[in-house]
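Subject: Structure handover

Hi there,

Here is the structure I promised to pass on to you. Have a look at it first, and then read on for what turned up.

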Amino acid sequence: MTAASVPATPILHVDMDAFYASVATRDRPELRDVPVIVGGGYRGVILSANYHARAFGVRSGMPSTRARRLCPHAVRVFADHEVFSTVSAAVIENFRRVTPQVEVVSLDEAFLDVRGSIRRLGSPPEIAEQLRARIHDEQGITCSVGVAASISVAKLASRRAKPDGVLVVPPDEITSFLHPLDVGELYGVGEKTQALLHRLGLVTVGDVAHTPLRTLQRAVGDGLGRQLHELAWGSDTREVSPGRVSVFGHGGDPDKSMGAQETFGRDIDDREVILRELLALTAKVTQRMRVAGVAGRTVSITVRFADFTTITRARTVPEATDLTQEIYGAAVRLYDALGLQRARLRLVGVRVEGLVPRATVHRQGVLGERERGWSEADRAVDRATLRFGSSAVRPASLIDREERHHGTPPDGPPGGPKPAARHPVG
């Protein structure tokens, strides 16, 4: 490719619009124009909210009690993480049909470098529109795309394109686009850094851009000062890193752990109930691991008591695994080793750490073991779940679990039993 044929804006940042809420409600047209909250049991935090709920100030990560105060008429729906993972995998596969240069940031966003795809698919804005149309047709949800010369500007552009739009920032418009923004808008600048810069009188990106580099470094440190200076001028040069999870300015490594946790609707001290929840959480985590093609050796559990005291315990198994029964067995042994004697629990969680590609794991056969076993069973369950939904096949001990333990459906009467909130922490 000649220099003249290289596109001026080869980087796309694709961000799904209210991903969890969109997926959770796409087959429920009656919820299309009402506020919807995803997850968030009686005392948990919400996973996501649609744009109607966000108009009332509801945000992801907000305690459900506050969300209900802000938007008492919102409809709450359960978070089905198997479905989220399946939709995410399909969306990312669409990205990889466009280019192998895909850096996945999370389940619902990724950076793409499309400079190698323009001869086949057209200009970057045309590719962005093709992706949006294909994802909408296949998955029934929308996304927004920022198109720019750098990762940081593309990220900001996608935010400005929301919802359901494309925004292109040409190189000669970068400063006019960036400099009026609050410094907190810069990719990678958190609340603490924003507050520090505001105290220094640096309110806008333009203020940062026109502060001499050495002055900025003396105020905030050499590394952060240089990073902020580059961000403010849109001159960051980090490239898209395929297959890596991005932490802007620091590259990133593949996810080394996956987990899930549950905040109970009421404090629980019944071992059988707690073990059922550990099994349900383990099944969610291992299904996600198999979708991602990874296995792990270290299993950890987290328990939080009624007084909010939280402890974590871990155990390393002999071989990396993605089998539900093996990881659940380790989780049960960790729980029993705590000797809780009917202590009342507010939260439990399961996590698998030290993840490696499943293809690199070679299990040692055991004399006399069956030719087919839990691995084939797990994968058969995965196939059934993908085709018929998360409730198609499940362990016998989890049948009717929602009715036995959680009470009414998530959009039932406000005065009824409160279901538990589930949210991924991997």
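Helices α11 and α12 are oblique to each other, because their axes make an angle of about 135°. By the definitions used, angles under 35 degrees are roughly parallel, over 145 roughly antiparallel, 65 to 115 roughly perpendicular, and the rest oblique. The helices span residues 213-220 and 222-233, and their axes lie 7 Å apart. Axes are lines fitted to C-alpha atoms, for helices over the stretch in contact, with angles from 0 to 180 degrees between N-to-C directions. Their crossing is right-handed, meaning that the near helix is turned clockwise from the far one by less than a right angle. On the α11 side the contact (heavy atoms within 4.5 Å) uses L213, R214, L216, Q217 and V220, while α12 brings D222, L224, G225, R226, L228 and H229. These residues comprise five nonpolar, three polar and three charged ones. Here Ala, Val, Leu, Ile, Met, Phe, Trp, Tyr, Cys and Pro are nonpolar, Asp, Glu, Lys and Arg are charged, and the others, Gly among them, are polar.

A word on the source: this is a predicted model, where local features need pLDDT of at least 70 and side-chain atom pairs count only at pLDDT 80 or more, while totals for chains, interfaces and linings use all residues. Residues are numbered from 1 along each chain as its sequence is written, and side-chain values use heavy atoms, with hydrogens and water left out.

Helix α13 (residues 271-292) and helix α14 (residues 324-337) cross at roughly 140°, with axes coming within 9 Å. This pair is therefore oblique too, and the crossing is right-handed. Among the residues that meet are L275, L278 and L279 of α13, and I327, Y328 and V332 of α14.

α14 itself has 14 residues and reaches 20 Å from first C-alpha to last, close to the 20 Å expected (1.5 Å times one less than the number of residues). Its buried residues (under 20% relative accessible area, 1.4 Å probe, protein chains only) include G329, A330 and L334. Just after α14, G339 has a positive phi of about 55°.

Overall, the chain holds 16 helices and 14 strands, which are DSSP runs (H or I, at least four residues; E, at least two) numbered from the N terminus. Of its 426 residues, 49% count as buried.

Enjoy exploring!

Conventions: Buried means under 20% relative accessible area, exposed over 50%, partly exposed in between (1.4 Å probe, protein chains only).
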